[in-house]
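Welcome, and please get your viewer ready. We will go from chain to chain and then stop at one pair of packed helices.

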Amino acid sequence: MYAVNFLILGALLFSLGVFGVIARRNAVMVLMSIELILNAVNVNLIAFAMMNNSAEGHVFALYVIAVAAAEVGVGLAMVLMIYRNRRSIALDELSAMKG
Amino acid sequence: MLASTLSSGWFLENAWLIPLIPAIGFAFIIFFGKRMPQGGSEFGLLSMAASFAIAVGATVQWIQRVNSASSEGEHALGGFFGFARAVLPMAGEEGGHSAAFVEPVVRTWTWWQSGGLEFGVGQHIDGLSIMLLLLVTFISLLVQIYSTEYVSGDRRYTHFFAALTLFSAGMLVMVLAENMIQLILGWEIMGLCSFMLIGHWWEEAANSRAALKAFFTVRVGDVGLLVGTAVIFFGANDWAVERGSNGFSIRAISAWALSGEASNSVLFWGGVALFIAAIGKSGQFPLHTWLPDAMAGPTPVSSLLHSSTMVVAGVFLVARVYPVFFVGFDILDTAVNLITIIGGITIIAAAALAFVQDDIKKVLAYSTVSQLGYMMLGLGVGAWLPAVFHIFTHAFFKCALFLAAGSVSHSGSHHSFDMKKDMGGLARKMPITATTWMISTAALCGIPFFSGFFSKDEIIDNASHNGYQFFYWVGLIGAAMTAAYMTRATYLTFFGAPRGAAAGEHHDDHSDAHDAHAAHDAHDDHDAHHDDHHGRHAGPHESPWRITAPLVILASLAIFSGYLNAPAVGTHYFTDWVEPAGVAVAADHAATATDGEEHALGFAALAAEEEGGYSEGCGFTTPEDGTVCYAPKLSHAEFAWSKAAPSIVLVAFGILMSAWLSMGVFGDRKHPLKGLTSRSGIARRGHAFLVNKYYLDHLYEGVIVKAVAHPIAKAAYWINQNILDGVVNGVGRSGRATGEWVYRNLDQRVVDGAVNASGLVASETGHALQPIQSGKVNQYGALLFGAATVGAIVLILVNI
């Protein structure tokens with residue numbers, strides 16, 4: 001079954017993304033990893049849409065792409081502001097959220 | 001090609017393009033304006049020129065339609081309009097000209113649907129909307145040409161043109177609105193643009209304050225518009241739906257109001273609410289206070305919005321759904337009604353205020369308010385056509401006056417609008433501006449053979465004709481006052497000895513000159529530019545052609561536009577073209593009326609109507625079954641020089657009196673009246689009363705806002721202190737006794753034990769969890785995905 005291959009690809013991408021989010025220090029890399037995760041979800045959505053022969057999955061994937069674009073826009077703006085204030089975007093040096 | 005397009009009715013059919021083109025022009029200015037060599041003004045000019053061209057085409061076709069309707073009676077423009085049918089007139093009116101019913105060109109598209117209601121958007125083209133379409137596009141075009149010179153070099157040049165173009169689009173949407181919802185849409189777009197343009201130089205606190213004041217004052221009236229539309233809708237909807245229309249359609253509302261089936265109280269309260277909207281928008285007493293402040297905007301804005309077009313929106317609203325007011329206020333059977341009272345007060349109050357203004361634009365602003373009062377008065381006394389005609393003529397001469405004032409400040413008084421400080425004796429330095437100003441002043445004063453005479457006198461004459469004797473005198477006194485304050489302004493600006501900037505003096509400190517223009521942003525550029533100018537010309541000089549050309553065009557119209565409807569020379573074109581005939585027509589017109597099946601009905605109605613006498617017809621008797629009326633049948637006063645004589649005499653008296661006083665008070669010679677206000681207590685108090693604008697602003701801000709806001713706050717505080725606290729205290733005291741017992745026995749022993757224990761647990765857990773809140777994003781991410789993994793595993797295990 002082809003769909004299974006897509007799901008496996010999606011799982012791999014997702015794991016890669018999760019690894020990036022957890023292990024990377026650079027904020028931009030983390031953002032990119034989040035993109036990977038979102039695209040893994042997209043691959044899954046398309047795969048399931050193919051399995052069920054329905055267009056809804058495609059539509060939803062388009063939504064995800066739009067939301068991802070907005071999220072990156074906000075994320076990069078934040079990274080820029082952080083860089084401007086601290087001259088660094090290393091996430092492990094950022095602990096202002098410490099409780 | 002052109003001839004065939006003209007005869008086919010294409011322009012009338014597609015009149016909806018007229019507002020659409022400026023709307024698109026607005027989008028172009030906003031998105032590409034800054035990149036254009038002329039800063040976007042070319043889009044504005046182009047779109048206005050295109051709209052104007054279509055409006056001219058539509059006007060020509062409308063006139064053809066009217067002419068063929070009155071000569072042939074039926075199938076006015078051939079088969080192209082399925083519904084272009086007119087019913088033959090009843091025996092000619094007193095004037096001897098025929099009054100055939102000319103079918104308006106109505107087209108509707110569905111805008112949106114909600115709860116079974118269809119909201120349409122479309123066009124309703126009749127004489128009134130054709131007249132205003134032509135007027136608005138024409139004046140917008142001239143003002144835009146004028147603006148390219150007047151605001152050149154401004155920091156927000158592009159935005160200025162964007163707002164100006166959007167304003168025109170809004171006004172045009174309202175003018176050809178097919179239903180009340182569309183009318184509200186256009187109305188609100190204008191309100192927004194008005195706000196943007198008044199506050200164009202918002203860096204000056206006074207300007208942004210004026211913009212806010214205009215916006216909020218008009219909003220007060222807008223509540224009336226919404227309420228009125230709703231009241232009329234619920235009154236008319238059932239009647240209209242039966243006839244294939246709905247309660248928002250302007251045609252349906254008019255027909256319903258005249259059908260004799262409408263409840264009078266619904267019409268009355270609907271009319272009152274709509275009239276409140278008109279009070280706000282058209283600057284009628286007591287909501288007129290925003291209009292003079294709106295002069296903080298650039299002069300082209302004052303000229304376009306706050307004198308000739310936007311402020312007539314309220315008058316237009318009343319004229320548009322006139323049957324509602326006609327029946328609701330019982331206009332021909334009373335000697336006084338709400339519209340005439342408000343109109344009458346406005347005429348006199350605003351004219352009196354115009355006497356004490358030093359700012360030339362404020363004189364014109366109060367003059368506008370007063371003239372709008374005339375239009376309202378005209379509508380109130382049943383002189384629909386003279387009122388609409390006054391909109392038409394007033395637009396030309398008031399626009400010319402404002403542009404002339406702008407020209408004076410631009411090239412004559414170094415951006416000052418203060419007549420007493422910076423003007424005087426400019427007639428020799430600026431001959432074109434002075435001539436156009438004086439022609440327009442003559443038109444405004446109603447001097448015979450200028451346009452204002454033919455419109456204003458008709459209103460006054462019809463007031464007495466329709467039994468409003470008191471308001472006839474109000475109109476006459478207002479005319480004399482108009483003549484007097486305009487003479488004063490003319491003398492101060494163009495005659496006498498030059499003062500201040502007009503004498504060539506330069507202001508060193510510009511914040512001193514309290515006009516808006518001097519304080520605006522591009523001031524420095526402007527100054528440099530002007531200093532060059534002054535270096536060469538040494539003082540005041542005539543303005544460049546882009547300013548004088550619109551002035552000359554408008555001033556010649558201020559003379560000639562009156563002859564479209566001058567009973568003194570026997571012309572009545574305007575009446576023929578604009579006034580809807582008050583005859584009953586076949587009811588299928590109320591619906592979309594695209595089929596030609598019910599011809600027979602139309603002629604039956606015709607037969608029934610031919611017997612009607614003077615006091616019968618629409619608005620007086622209920623229309624026959626199967627027929628509807630769209631306009632009340634109004635009679636016009638016959639013109640006679642003997643009847644015009646009192647106003648001519650009073651106007652002449654006003655001019656001479658004011659000229660004598662002005663020369664005395666402001667001239668060099670010694671005069672008994674000079675310094676009267678500093679010597680006589682009564683005069684001083686009267687002067688202060690007027691200078692403070694009847695203390696209306698104080699009333700609104702100091703009294704009403706405080707009276708509404710403060711007592712509510714105080715009452716709330718009192719209730720809080722005495723009632724709520726009392727209850728709370730009472731409950732508290734009785735509770736306390738119980739509480740103490742509970743405290744000793746239950747609390748200390750049982751509850752505290754439990755609480756302490758849980759607190760201890762929570763605290764320990766918190767300490768244990770504290771390390772998790774490291775503030776490190778990666779750790780948070782790891783926790784998140786860890787939790788997700790655990791959740792996923794649980795999900796899988798559960799489902800297996």
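Two residues are in contact if their C-beta atoms, placed from the backbone, lie within 7 Å. Keep in mind that this is a predicted model.

**Stop 1: chain A.** Now colour by secondary structure. You will find three helices and zero strands, in the order α-α-α along the sequence. How many of the 99 residues of chain A count as buried? The share is 15%.

**Stop 2: chain B.** Select chain B next. Here you can look for 31 helices and four strands. Of the 800 residues in chain B, 51% are buried. For contacts with a separation of 6 or more in chain B, residues 24 or more positions apart account for 76%.

**Stop 3: a helix pair.** Two packed helices are described by the angle between their axes and the distance between the axes. In chain B, select residues 451–465, which form helix α20, and residues 469–494, which form helix α21. Their axes are 7 Å apart, and the angle is about 155°. Angles over 145 degrees count as roughly antiparallel, so α20(B) is roughly antiparallel to α21(B). The crossing of α20(B) and α21(B) is left-handed.

**Stop 4: where they meet.** Show side chains for B:K456, B:I459, B:I460, B:A463 and B:S464 in α20(B).

Definitions and conventions:
Residues numbered from 1 in each chain as written. Chains lettered and ligands numbered in written order. Predicted model: local features only at pLDDT ≥ 70, side-chain atom pairs only at ≥ 80, totals over all residues. Helix = DSSP H or I, 4+ residues; strand = E, 2+ residues; numbered from the N terminus. Buried ≥ 20, exposed ≤ 12 C-beta atoms within 10 Å, placed from the backbone. Axes fitted to C-alpha atoms, helices over the stretch in contact; angles between N-to-C directions. Parallel < 35°, antiparallel > 145°, perpendicular 65-115°, else oblique. Left-handed = near helix turned anticlockwise from the far one by under 90°.
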